[in-house]
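Please look through the structure slowly, with the sequence beside it, before reading on. The paragraphs that follow treat a pair of helices and then a set of charged side chains.

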Amino acid sequence: MLPLNYAMLDYFVYHDEACVDDVMADLAAEYASFAAFARPRMQEALMTAHKNGLIDETRFDLDAEGELRVYYRASAEQRKVIGAYLGRSH
Amino acid sequence: MDTSTSLGNRELAVAKKRALDAAYFRKGIAVAALSSCMYALYTAFVTAGQLFGVWAGWFDAFAPSGLLAVFILPTIASGVNDVLSAVWATFFTAGQGKLADLGRCIASKPGVIVIAAAFIGGPIASAAYVIALSQAGTLAVPIAALNPAIGAVLARVLYRQPLSPRVVTGIVVCVVAGAMIGSAGLSGQASSGMTLGLGLALLAALCWGVEGCVGGRATCMIDPQIAINIRQLVSGVGNLCLVLPALTMACGEPLGQSYVFVAQALTDKSSVVFFACSGFAAYFSFMSWYRANSMCGTALGMAINGTYTFTAPLFTWIIVGLVLGFDGYALPSVAWVAAVVNLVGICLIAVNPLDMVKKDGDRDASA
């Protein structure tokens, strides 16, 4: 089992584009009990990953409830960097 | 879909995105400022701790320029601080239910990077800084505060973080502010070991520049709480199990005596309470520092953290001078002027009105 922050980044290695809700939905089965498994904290973690060049911001919109969704993706080079950090080859 | 409704949603989305980015930016600044204040408290309490109990007896008994006073005791002070800081960090990690993640992260590549950064910035830099403080007094503080400039350059080279002429100018202004405080010759503590003290302060600056850059980057992957837990564990164990024996043997002193000092320091009620406080402040300071560097970028995060050139002497004066009543810790007036200069430098690094206008335009276009 990966640490939560690692799992969030690992998600972008296997998915083209996602917002924090997509990531949370995918990881909920394993990580929902974690204290850090909360939308604001995970959104901040994605913003920090973006700030440090591990993922790119692609677009943003509002969901049906009017909540902001910011979408991110990892380029081929970024996937290699993430994979190298996590000790995987992609 | 109704065009007017779609347009309204888009404007609302743009407004919410701006608010999210602004809140993130403000939080990064606040976390960086907290790291400075906590670092100042760490400095004040670790200074105070060495004025009481067994420490007062040791510094009275041993020659100020002797090897024990120059190398061994400051290293013990640093090690005791870091061990107690690691205890605090582990306590909070357990309280947040992250102990299992701590184990997982230590075994990972980012964990190894944090361990390496922690060793450079922990045992090596902390021991150098404490010895520097004992030899050069608070003059060591502004020298060690060169670390933001070093960190920013490293972040540019290693991680391609932006380093525009405006940012470079801001860093230079911050370094000048630190030098202003140093040139004032803050009262007390100047000794025959001044040159050694300033040299070690510069070594600490180099080590912290590396740590801030590398550790900050790793914190975008590792939870800051876990990263700093690793950092303080490595630092505490490294100081007491590697640096202390090495220095003791290099000084030709008996190894057993050094660990008797450690045991006495940890069990001396009148001084250990200050080290417990300094350890708590160090834990919060370094966690905020790593987190701020990952949120703001190394240049801005380390520049704001670097305001401890002013806050550390200020808090030391308040706690050691005003509250505890020791003489020789007052700030000269130039320190206050330097604080303003430092803020100007930070604003230069942080804010570029032209960029902000440009970003707004980009956001509108991409919404």
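In chain B, the axes of helix 12 (residues 269-296) of chain B and helix 13 (residues 298-305) of chain B come within 6 Å and cross at roughly 140°. That angle makes helix 12 of chain B oblique to helix 13 of chain B, since angles under 35 degrees count as roughly parallel, over 145 as roughly antiparallel, 65 to 115 as roughly perpendicular and the rest as oblique. Axes here are lines fitted to C-alpha atoms, for helices over the stretch in contact, and the angles run from 0 to 180 degrees between N-to-C directions. Helices (H or I, at least four residues) and strands (E, at least two) are DSSP runs, numbered from the N terminus.

This is a predicted model, in which local features need pLDDT of at least 70 and side-chain atom pairs count only at pLDDT 80 or more, while totals for chains, interfaces and linings use all residues. Residues are numbered from 1 along each chain as its sequence is written, chains are lettered from A and ligands numbered from 1 in the order in which they are written, and side-chain values use heavy atoms, with hydrogens and water left out.

Which residues of the two helices meet? From helix 12 of chain B come B:Trp289, B:Ala292, B:Asn293 and B:Cys296, and they meet B:Thr298, B:Leu300, B:Gly301, B:Met302 and B:Asn305 in helix 13 of chain B, where contact means heavy atoms within 4.5 Å. The residues of this contact divide into 5 nonpolar, 4 polar and no charged.

**Salt bridges**

Over all chains the count comes to 13 salt bridges, each being a side-chain nitrogen of Lys or Arg within 4 Å of a carboxyl oxygen of Asp or Glu. One of them joins the side chains of A:Arg39 and A:Glu67 (3.7 Å, N to O). A:Arg39 lies in helix 3 (residues 39-51) of chain A and A:Glu67 in the loop between strand 1 (56-62) and strand 2 (68-73) of chain A, so the pair ties together parts that are 28 residues apart in sequence. At 23% relative accessibility, A:Arg39 counts as partly exposed, and A:Glu67, at 40%, also counts as partly exposed; buried means under 20% relative accessible area, exposed over 50%, and partly exposed in between (1.4 Å probe, protein chains only).

In chain B, B:Lys98 forms a salt bridge with B:Asp223, the closest N and O atoms being 2.8 Å apart, and both B:Lys98 and B:Asp223 are buried.

Key
Ala, Val, Leu, Ile, Met, Phe, Trp, Tyr, Cys and Pro count as nonpolar, Asp, Glu, Lys and Arg as charged, and the others, Gly among them, as polar.
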